Amino acid sequence: MTNLILTPILLPMAGAVACLFLRGSLGAQRTVAGAIATAMVPLALYLLSLVWRDGIQVVRASMWPGGYGIVFALDLLGAVMLCLAAVTFAASWWFVAAGAMPRAQEKALVHPLFLLLGAGVNWAFTTGDLFNLFVSFEIILLSSYVLLAHENGRGQTREGLKFMLLNMIASIFFLASAGLAYGMFGALNMADLAVRIAQAGQPAAATVLGTMLFLTFGAKAAVFPLFFWMPDAYPKAPRGIVAYFSGILTKVGVYCLYRMFPLMFPAAETFAGWFQPLILAVGAGTMLVGVLCALSQMTMKRILSFHIISQIGYMIFALGIFTKLGLAAGIFFIIHQIIVKASMFLVADAVEVNEGSQELSKIGGLVAVYPGLAVIFLFASLSLAGIPPLSGFYGKYALVVEGLVRGHTFYVVVSLVTSILTLMSMMKIWRYAFWRDRIRPANAPVHGNRGVIVATGALVAVSIVVAVFSGPIMRLSTATAEQMIDREQYVFAVLGDRGLAALRAAEEASKP
Amino acid sequence: MELLITLFVFVLYFGGFYLMMRRHVFEVLLGTLLLTHATSMLLIAMGGWKPEERPPILVPSAELPLSAYADPVPQALILTAIVIGFGVTAYLVVLIMRGNEEMNDMEMTERPREEDEA
């Protein structure tokens, strides 16, 4: 038990406040935010090693016994997500600091809001409480509303408004489900809720709650058919920060699904009867519809935005398989996906910074001018499609094997078709932006900015590290999946002996 | 009493979703307000409704069983939700006002402008 797991929340939050006071000086804001963005990476890695070595870390506010006070709990799943969030945050922060956006825009509110966004995301990964999760979602949403609409030019307001309204509906739905959870089972703490759902023995009530939570987090994760808000909004995020949006924010929803279902609804009658077909069907629909929409787009960021949706489908599919290996494949896929997707958005941003546009009809022949960027993009896109030596392959391979073993042949076929279509749409970007004759839009900036390409390359290097060390990372994913399946560990860490005994008794009683 | 609250929640959700689907931005704003209130009422209903319950302040001399007191948790949740809802609504109002200044219309979907058609 260590209070250190609160630092990923408190540090960016303090930084955000400090940056608000330093609004006059961009240099000072960059120093504070940069120090925090960079320090988060070793901190998150240290926390991961701590959880790996000593097990789940829990902080109880004021030492209230578990289930009553506010509880923060960091298990392997949360720690892995914290690391990914920290790496993506650092890369996209350095991209911003390399001068990706006009000075006036950067000076306005970007640094404090971005830090606040990071604090909210880290909070979501650490909290052990459904209501705290709601609060962290609101922090994430408020800062992203402002980042999307603030100082971002004409015509952004309407898009910002739509994004905000749709997310408000999802939040209201979340709040209603938290209320129902409390009304039906009398708890908000996730471990306590797991025990009480097992004790209550009411599959119908558990199914209602689970479906509402699935809808809420599905809307946040942009699954089919709830993804419509996302591809319009994300490409409008400030340059650089869009990588954090695309890499992390939708995965917060996926994380919540990964957290809730193995912990609260693993009972055979609720999961196999209703949730598994639902999750698998939604996963397949998300994969296919996302990639088909991507194929028809004509700007880099919109293609990539629809790809986020398509790749979310794989993660949902992995959750639907719901075995140790399936979940491990899903976690490996998330690790790979966050980094690769964020670096692809950074490539699109780097093109926009240097060429003034990322519309495929206006740019061309980049391979001759920016060979480094072309290599970076090639690595990232081949990895996204799952070509063998790169990191995307291992997650997809494990997913396909486990899917076939468990007899989900139809969904495996859908996922393979999706992979081919993914490669096709990546080749579309490649053919238009990089290969054909050189075209430069009329409003292209005179001076290029190579700094942003360096920041992009650093993130792609991380994805290559993931590929090289795929063995140890697969072991980490498997250990994480084991911890998720074995929910007694989590319940014991949060609630102690009594909670564990209650869970075991309830599971014993439900057996025929 | 619980039936009454349930009906009330239903009416609020119904009105909220109806308003959310309107074209005019101001009606949509009112819709979000109604939805927020509906959810607060739902949370109150989830805490149970017994008129004889006392406020959750323990009086050592009274020696009452814990079931005599009202459950404070839903109220704490509602309080937090109201504060958050207030902040979000304030930002929404600012956004709508700026949209109105920028584009001179208050509708959710974009009307084709003359220069686009030309």
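A nonpolar core is a set of buried Ala, Val, Leu, Ile, Met, Phe, Trp, Tyr and Cys residues joined through C-beta atoms within 7 Å. A residue is buried if 20 or more other C-beta atoms, placed from the backbone, lie within 10 Å of its own, exposed if 12 or fewer, and partly exposed in between. The model is predicted: local features need pLDDT of at least 70, side-chain atom pairs count only at pLDDT 80 or more, and totals for chains, interfaces and linings use all residues. Residues are numbered from 1 along each chain as its sequence is written, and chains are lettered from A and ligands numbered from 1 in the order in which they are written.

**Nonpolar core**
- The largest nonpolar core comprises 229 residues, and V80(A) and A194(A) have the most contacts inside it.
- Helix α13 (residues 324-355) of chain A gives the most to this core, namely 20 residues.
- Beyond its neighbours within four places in sequence, V80(A) is in contact (C-beta atoms, placed from the backbone, within 7 Å) with L48(A), I331(A), I335(A), L476(A) and T480(A).

- V400(A) lies in helix α16 (residues 391-405) of chain A; helices are DSSP runs of H or I with at least four residues, numbered from the N terminus.
- V400(A) is partly exposed because 19 other C-beta atoms lie within 10 Å.
- Leaving aside neighbours within four places in sequence, V412(A), S415(A) and L416(A) are in contact with V400(A).
- Between V400(A) and P65(A), the separation is 335 residues in sequence and 43 Å in space, C-alpha to C-alpha.

Notes: Helix = DSSP H or I, 4+ residues; strand = E, 2+ residues; numbered from the N terminus. Contact = placed C-beta atoms within 7 Å.
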